[in-house]
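Colleague: I would like to learn how to read the geometric features of a model such as this one, going from the general idea to the particular case. Could we look at it together?

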Amino acid sequence: MKKTASDQTALPDLTTTYTEFCFCDEGETALFAVRDGVEMKHALEQLMSLLRLAHENNFQASEIAEGRLAKMVLATQHGLEASKAIVASLLKSIERQAVTR
């Protein structure tokens, strides 16, 4: 069966997979977990919120950081901005796909 252009551009229905994090007791007990089955769009929206929070906290740190630490904070700020741009791009793609379906 030959695939059409629309078949090749369609996004699969991606969801999250259960993943534990924030381990206590020397890595044996997880305090938190990402739930299984959350739609990718919703997971990316939550990720964007977390990145915005980290970006704001890092920006506040940049206002008081000096010397070598200031350079590290600036590098972290760049990484956070790039991460936010990637997530925003993915969310735009998901929205565009939803409109064309």
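Modeller: Let us begin with how helix packing is described: axes are lines fitted to C-alpha atoms, for helices over the stretch in contact, and angles run from 0 to 180 degrees between N-to-C directions. Helices (H or I, at least four residues) and strands (E, at least two) are DSSP runs, numbered from the N terminus. In this structure, helix 2 (residues 40-62) and helix 3 (residues 67-100) pack with their axes 9 Å apart, at an angle of about 160 degrees.

Colleague: Before we go further, what kind of model is this, and how are its residues numbered?

Modeller: This is a predicted model, in which local features need pLDDT of at least 70 and side-chain atom pairs count only at pLDDT 80 or more, while totals for chains, interfaces and linings use all residues. Residues are numbered from 1 along each chain as its sequence is written, and side-chain values use heavy atoms, with hydrogens and water left out.

Colleague: How is the orientation of helix 2 relative to helix 3 to be classed, roughly parallel or roughly antiparallel?

Modeller: Angles under 35 degrees count as roughly parallel, over 145 as roughly antiparallel, 65 to 115 as roughly perpendicular and the rest as oblique. With an angle of about 160 degrees, helix 2 is therefore roughly antiparallel to helix 3. As for handedness, a crossing is left-handed if the near helix is turned anticlockwise from the far one by less than a right angle, and right-handed if clockwise; helix 2 passes helix 3 in a left-handed crossing.

Colleague: Which classes of residue make up the contact of helix 2 with helix 3?

Modeller: For the classes, Ala, Val, Leu, Ile, Met, Phe, Trp, Tyr, Cys and Pro count as nonpolar, Asp, Glu, Lys and Arg as charged, and the others, Gly among them, as polar. By this scheme, the contact of helix 2 with helix 3 has 15 nonpolar, six polar and six charged residues.

Colleague: Where is Asn 58 found, and is Asn 58 buried or exposed?

Modeller: Burial is read from relative accessible area: buried means under 20%, exposed over 50%, and partly exposed in between (1.4 Å probe, protein chains only). Asn 58 is found in helix 2 and counts as buried because its relative accessibility is 12%. For its surroundings, contact means heavy atoms within 4.5 Å, and, not counting residues up to four places away in sequence, Asn 58 touches Val 73, Thr 76, Gln 77 and Leu 80. A polar atom of the Asn 58 side chain lies 2.9 Å from the backbone oxygen of Val 73.

Colleague: What does Leu 91 touch?

Modeller: Leu 91, placed in helix 3, is buried at 16% relative accessibility. Setting aside residues up to four places away in sequence, Leu 91 touches Lys 41, Leu 44 and Glu 45. Leu 91 and Leu 44 are 47 residues apart in sequence, yet 7.0 Å apart in space, C-alpha to C-alpha.

Colleague: What is Asp 36 in contact with, leaving aside its neighbours within four places in sequence?

Modeller: Asp 36, in the loop between strand 2 and helix 2, is exposed at 54% relative accessibility, and its contacts beyond those neighbours are Thr 16, Thr 17 and Tyr 18. Thr 16, in the loop between helix 1 (5-9) and strand 1, is buried, with a relative accessible area of 14%. A polar atom of the Thr 16 side chain lies 2.6 Å from the backbone oxygen of Arg 35.

Colleague: And what pattern does the protein follow along the sequence?

Modeller: The protein has three helices and two strands, in the pattern α-β-β-α-α, and buried residues make up 14% of its 101 residues.

Note on methods
Polar contact = N/O pair within 3.5 Å; in protein donor to acceptor, adjacent residues only side chain to side chain.
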